[in-house]
Amino acid sequence: MIQRYFRCLSGDQSDQISGSRSNRQKKGGWEIYSWKELMKATNNFNEDNKIGEGAFGDVYWGHTSKGVEIAVKRVKHAMSKRAEMGFAAEVEVLGRVRHKNLLGLRGFYAGGDEKLIVYDYMPNHTLTAHLHGQLSNHFILDWPRRMTIAVGSAEALAYLHREANPHIIHRDIKASNVLLDSEFEAKIADFGFAKLIPDGATQLTTRVKGTLGYLAPEYAMWGKVSESCDVYSFGILLLEIISAKRPIGKLPSGAKIHILKWAAPFVRKGAFDRIVDPRLQGRFDRAQMKSAVLTAMRCTDDDPQKRPSMAEVVEWLKGGLQR
C-alpha cells in the first residue's frame, strides 16, 4: 500500500523510487532521494541529529551535499497496521496540499524496509519549544509573533477544510505540530492521523486519535470526527499561545486542570489580563488579546454546532489585529 502512494506521487515505478542520485526524478516539486544520500545527510541517523519523535517515526536534521538543510522522518521499522496506515495517510495528504502555512513534502525514499519522508528544515523548531521547552527561557515569543502564528495556523486549517480536494481533517492539532520557519511563520505538520472527507460528508465515526487536552468532547467520547473537532483543538492551541499554559496543567496542589477550566473563570469576570503569559510583562494589545481569547472560547464550545468554521476564525483573528 505504501509503495502505491509513492508511485502515485512520483509517477514512477518503485525501482526508480529507490534509485541512486543519478536516477533521481523530480515530479511536482518532490525529489526522490537515495538511501545513501539520506544516510550521509543525517550522519547515519545519528542520535545527535534527532530533532523530534512521533507516533510513526523519528525526525532527524540533516544537510545535503548541496548544503540544503532538511528534516527526515524515518518510519519505525516494525510497522504495525496502525503505523502503516498513518504513514500512508501522511504521504497521501502531503501529495495533495499546497499552502504557505503547511509543511510540504520535499522528497522521499522508499526501499525495502526503509520508508523516509523529507521536509524542509524549520530552523525555529516547534511552537512547543518556545512556549514550554528548551527555547522558552532563551527567547520569549512577543505578542505580534504569537498572533502571526495563530493566524497562519488558522489559515492552514481553513485551507484543509474548504480548499483542499477532498477536504481534510487534521485530527492532531497541537503546539508540537506547529513548526516555525526562519521568519517565525507557522507550518502545520504531521498528517499521520489526517482524514480525507468524501464529498457530501459532514461527519465520520472513527477510532479516536490525537492528543489528550486538545480533543473535542464528542470525538474523545464517541469517535465522532468533523471539521469542528479541528476547530476545538485550534481553540485550545490559541489559549496555549496566549497564556503559555499547557492544555493539561498542574495546580500548586498537584491536581491536574484543563486549560479551559483554568481560563473560564477569568473570562466570566472579565479579567482577561490574568490569562496572558506573564513573561510578556504587559506588552500586548489588550483589544487584540480579548478578541483572541473570546475566539478561543467560541472555538471550544461544548456544542460542535455552535463552533465557528475556521474561515470565520481567520476573519475574527485578522479583524482583531486590524483594530
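Start with the crossing of α9 and α10, which is left-handed (left-handed means that the near helix is turned anticlockwise from the far one by less than a right angle, right-handed that it is turned clockwise). This is a predicted model, in which local features need pLDDT of at least 70 and side-chain atom pairs count only at pLDDT 80 or more, while totals for chains, interfaces and linings use all residues. Residues are numbered from 1 along each chain as its sequence is written, and side-chain values use heavy atoms, with hydrogens and water left out.

**Stop 1: α9 against α10**

Select residues 259-269 for α9 and 286-299 for α10; their axes come within 12 Å and cross at roughly 125 degrees. That angle makes α9 oblique to α10 (under 35 degrees is roughly parallel, over 145 roughly antiparallel, 65 to 115 roughly perpendicular, and the rest oblique). The axes are lines fitted to C-alpha atoms, for helices over the stretch in contact, with angles from 0 to 180 degrees between N-to-C directions. Helices (H or I, at least four residues) and strands (E, at least two) are DSSP runs, numbered from the N terminus.

Now show side chains. Leu 260, Ala 264 and Val 267 on the α9 side meet Val 293, Leu 294 and Met 297 on the α10 side (contact means heavy atoms within 4.5 Å). By class, the residues of this contact are six nonpolar, no polar and no charged. Here Ala, Val, Leu, Ile, Met, Phe, Trp, Tyr, Cys and Pro count as nonpolar, Asp, Glu, Lys and Arg as charged, and the others, Gly among them, as polar.

**Stop 2: α8 against α9**

The crossing of α8 and α9 is left-handed. From α8, pick Tyr 232, Ile 236, Leu 239, Glu 240 and Ser 243; from α9, pick Ile 259, Leu 260, Trp 262 and Ala 263, and you have the contact. Seven nonpolar residues, one polar and one charged make up this contact of α8 with α9.

While you're here, click on Ser 233, which sits in α8, residues 227-243. Ser 233 counts as buried because its relative accessibility is 5% (buried is under 20% relative accessible area, exposed over 50%, partly exposed in between, with a 1.4 Å probe and protein chains only). Skip its neighbours within four places in sequence, and Ser 233 touches Ile 173 and Tyr 214.

**Stop 3: around His 170**

Jump to His 170, in the loop between β8 and β9. With a relative accessible area of 0%, His 170 is buried. Which backbone atom of Asp 172 does the side chain of His 170 reach? The nitrogen, at 3.0 Å. A polar atom of the His 170 side chain also lies 3.0 Å from the backbone oxygen of Asp 190.

Arg 171, found in the loop between β8 and β9, has a positive phi of about 75 degrees although it is not a glycine. Arg 171 is buried, at 9% relative accessible area. Asp 190, in the loop between β10 (186-188) and β11 (195-197), is another non-glycine residue with positive phi, near 65 degrees. Asp 190 is partly exposed, with a relative accessible area of 21%.

Next, go to Asn 165 and Pro 166: a cis peptide bond joins them, with omega about -5 degrees. Pro 166 is in the loop between α6 (143-162) and β8 (167-169).

**Stop 4: Lys 50**

Finish the residue tour at Lys 50 in strand β3, residues 50-53. Buried or partly exposed? At 23% relative accessibility, Lys 50 counts as partly exposed. Its side chain makes a polar contact with that of Asp 58, at 3.3 Å. A polar contact is a pair of N or O atoms within 3.5 Å; within protein, one must be able to donate a hydrogen and the other to accept it, and residues adjacent in sequence count only if both atoms are side-chain atoms. Beyond four places in sequence, Lys 50 is in contact with Asp 58, Val 59 and Tyr 60.

**Zoom out**

Show the whole chain: eleven helices and 15 strands. Of its 323 residues, 51% count as buried.
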